[in-house]
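Here is a short tour of a protein chain, written for someone who would like to know what to look at on screen. Have the viewer open and follow along.

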Amino acid sequence: MKEIKRQVPWTKTLVEDFIEEAMLSDDEAFIIRTRVIGWSMIKQADELGVGTSTVSNLINSCKIKYDTVHKQFPDRFPKRKVSKEEELM
């Protein structure tokens, strides 16, 4: 079974607080909620009726918004662990 790597230690409260504070769109909120429960990008794309590149763009948008919210509320939102791919950018 593939190990799930998390950049944020998500809880239900943290997810909902993030969605509210970052003012995520409906699609972004869907992406966050379904990623936390382990959906693949392909399953998310199928459900939204979009391509995986659109899902990837939504994920990147959520990462940027999370980092912004973390800076504003560092006590409420833990620092996101940056992936190796992001470090190379």
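## Contacts, helices and aromatic rings

Among contacts in the protein chain between residues at least 6 apart in sequence, 51% join residues at least 24 apart. Please keep in mind that this is a predicted model.

The secondary structure amounts to five helices and zero strands, so the order along the sequence reads α-α-α-α-α. Of the 89 residues in the protein chain, 29% count as buried. The accessible surface of the chain is about 6,500 Å², and carbon and sulfur atoms account for 54% of that area.

Now for the rings. How many aromatic pairs are there in the count? The count comes to six aromatic pairs. One of them is formed by Tyr66 and Phe77, with 6.1 Å centre to centre and 90° between the planes, an edge-to-face arrangement. This pair links distant parts of the chain: Tyr66 belongs to helix H4 (residues 52-72), while Phe77 lies in the loop between H4 and helix H5 (84-88), 11 residues apart.

Is Tyr66 buried or exposed? Tyr66 counts as buried because its relative accessible area is 2%, and the cut-off for buried is under 20%. Phe77 is buried as well, with a relative accessibility of 0%. Both rings also take part in one aromatic cluster, formed by Trp10, Phe18, Tyr66, Phe73 and Phe77.

| Charged residue | Ring | Distance of charged end from ring centre |
|---|---|---|
| Lys43 | Trp39 | 4.3 Å |
| Arg76 | Phe73 | 5.1 Å |

The ring of Phe73, which has the charged end of Arg76 over it, is a member of the aromatic cluster described above.

Why does His70 count as buried? His70 has a relative accessible area of 17%, and buried means under 20%, so His70 falls within that class.

Which residues does His70 touch, leaving aside those up to four places away in sequence? They are Phe77, Pro78 and Lys79. With Phe77 there is a further detail to look for: a polar atom of the His70 side chain lies 2.7 Å from the backbone oxygen of Phe77.

Terms used
Residues are numbered from 1 along each chain as its sequence is written. This is a predicted model: local features need pLDDT of at least 70, side-chain atom pairs count only at pLDDT 80 or more; totals for chains, interfaces and linings use all residues. Side-chain values use heavy atoms; hydrogens and water are left out. Helices (H or I, at least four residues) and strands (E, at least two) are DSSP runs, numbered from the N terminus. Buried means under 20% relative accessible area, exposed over 50%, partly exposed in between (1.4 Å probe, protein chains only). Contact means heavy atoms within 4.5 Å. Accessible areas come from the Shrake-Rupley method with a 1.4 Å probe; for residues, only the protein chains shown count as cover. Rings of Phe, Tyr and Trp (its six-membered ring) pair if their centres lie within 6.5 Å; planes under 30 degrees apart count as stacked, over 60 as edge-to-face and the rest as tilted. A charge sits over a ring if NZ of Lys or CZ of Arg is within 6 Å of the ring centre and within 35 degrees of the ring normal. A polar contact is a pair of N or O atoms within 3.5 Å; within protein, one must be able to donate a hydrogen and the other to accept it, and residues adjacent in sequence count only if both atoms are side-chain atoms.
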